[in-house]
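Please consult the sequence and coordinates shown below while reading.

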Amino acid sequence: VSENTCEAGPLLHKGHRVYVALPASCLGTDNGQASNGCQEAQIPLGSPITIAGAHRKAVLVYSSFSAMQLRGMSTGDACRSNDLGLARLNRVDVHRATPVIPGIGRPSGAAHTAPANGASLRTYVNGGPQSARAGGTSDGGWHHAVTVSGMVSQSDLGAPMVTSTGR
């Protein structure tokens, strides 16, 4: 994505359409580094996105950075921490998409609240499953700290995390 390589997040389904969640910071011009989403230049909606394993390119359909910029936001908690992009898979690849996190399994659903500080988590980074711990929440609820047991690279930004209950 815009010459950046980032870990894809969870798959989201709406009807027959499947979306891949990914960091909006990977859709910009700053090499995937966390930044102020209200100021970072983004690739346009409708841009083709390469997804590893897909036969066809996905299409960028949403970027929180672009949405905040269109609303004229320039500062604040959301600008620092709202980092979500959605790419719609091509219908040819929908049947190939599986919500299984390698080495961890299939998530049981979405969490509606942040995990408690110190809660045990699992994530997929550096090509394998890793243990992690939930940290505190800041930036008005937009930022959730996580400590991962192994090394984490910039390309792991956006990697899926699940609690012990699979959420």
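A residue is called buried when its relative accessible area is under 20%, exposed when over 50%, and partly exposed in between, using a 1.4 Å probe and protein chains only. The model is predicted, so local features require a pLDDT of at least 70 and side-chain atom pairs a pLDDT of 80 or more, whereas totals for chains, interfaces and linings use all residues. Residues are numbered from 1 along each chain as its sequence is written, and side-chain values rest on heavy atoms, with hydrogens and water left out.

**Confidence**

The predictor's confidence in each residue, pLDDT, runs from 0 to 100. Its average over the protein chain is 86, and 93% of the residues score at least 70. Helices (H or I, at least four residues) and strands (E, at least two) are DSSP runs numbered from the N terminus. Among these elements, β4 has the highest mean pLDDT (95) and helix α2, residues 77-81, the lowest (86). Where pLDDT is low, the predicted coordinates should not be read in detail.

A nonpolar core is a set of buried Ala, Val, Leu, Ile, Met, Phe, Trp, Tyr and Cys residues joined through side-chain atoms within 4.5 Å. The largest such core has eleven residues, including Val18, Val20, Leu22, Leu60 and Leu89. Strands β2 (17-22) and β4 (58-63) each supply at least two of its residues, and β2 gives the largest share, three residues.

Contact here means heavy atoms within 4.5 Å. Apart from neighbours within four places in sequence, Leu60 is in contact with Leu27, Ile43, Pro44, Leu45, Gly46, Ser47, Ile49, Leu86 and Ala87. Ser47 belongs to the loop between β2 and β3 (48-49) and is buried, with a relative accessible area of 12%. With residues up to four places away in sequence not counted, Ser47 touches Ala58, Val59 and Leu60.

A polar contact is a pair of N or O atoms within 3.5 Å; within protein, one must be able to donate a hydrogen and the other to accept it, and residues adjacent in sequence count only if both atoms are side-chain atoms.

**Charged side chains**

A salt bridge is a side-chain nitrogen of Lys or Arg within 4 Å of a carboxyl oxygen of Asp or Glu. The structure holds two salt bridges, tabulated here.

| Salt bridge | N to O distance |
|---|---|
| Arg80 and Asp77 | 2.4 Å |
| Asp139 and Arg80 | 3.6 Å |

Why are Arg80 and Asp77 separated by about one helical turn? The two are three residues apart in helix α2. Both are partly exposed: Arg80 has a relative accessible area of 49%, and Asp77 has a relative accessibility of 28%. Asp139 lies in the loop between β7 (128-138) and β8 (143-148) and Arg80 in helix α2, so their pair ties together parts that are 59 residues apart in sequence. Through shared partners, the salt bridges join Asp77, Arg80 and Asp139 into one network. Asp139 also has a positive phi, near 50 degrees, in a residue other than glycine.

Asp93, in helix α3 (residues 91-94), is buried yet has no salt bridge. Lys and Arg count as positive and Asp and Glu as negative, while His and the chain ends are not counted. On that basis, the nearest side chain of opposite charge to Asp93 is Arg96, 4.0 Å away. The Asp93 side chain does reach the backbone nitrogen of His55 at 2.7 Å. Residues up to four places away in sequence aside, Asp93 touches Ala54, His55 and Arg56.

Pro129 lies in strand β7 and is partly exposed, with a relative accessible area of 34%. Leaving out neighbours within four places in sequence, the residues in contact with Pro129 are Pro102, Gly103, Ile104, Arg122, Thr123 and Tyr124. From Gly85, Pro129 is 44 residues apart in sequence and 23 Å apart in space, C-alpha to C-alpha.

Ser164 lies in the segment after β9 (161-163) and counts as exposed at 73% relative accessibility. Ser164 and Ser63 are separated by 101 residues in sequence and by 29 Å in space, C-alpha to C-alpha.
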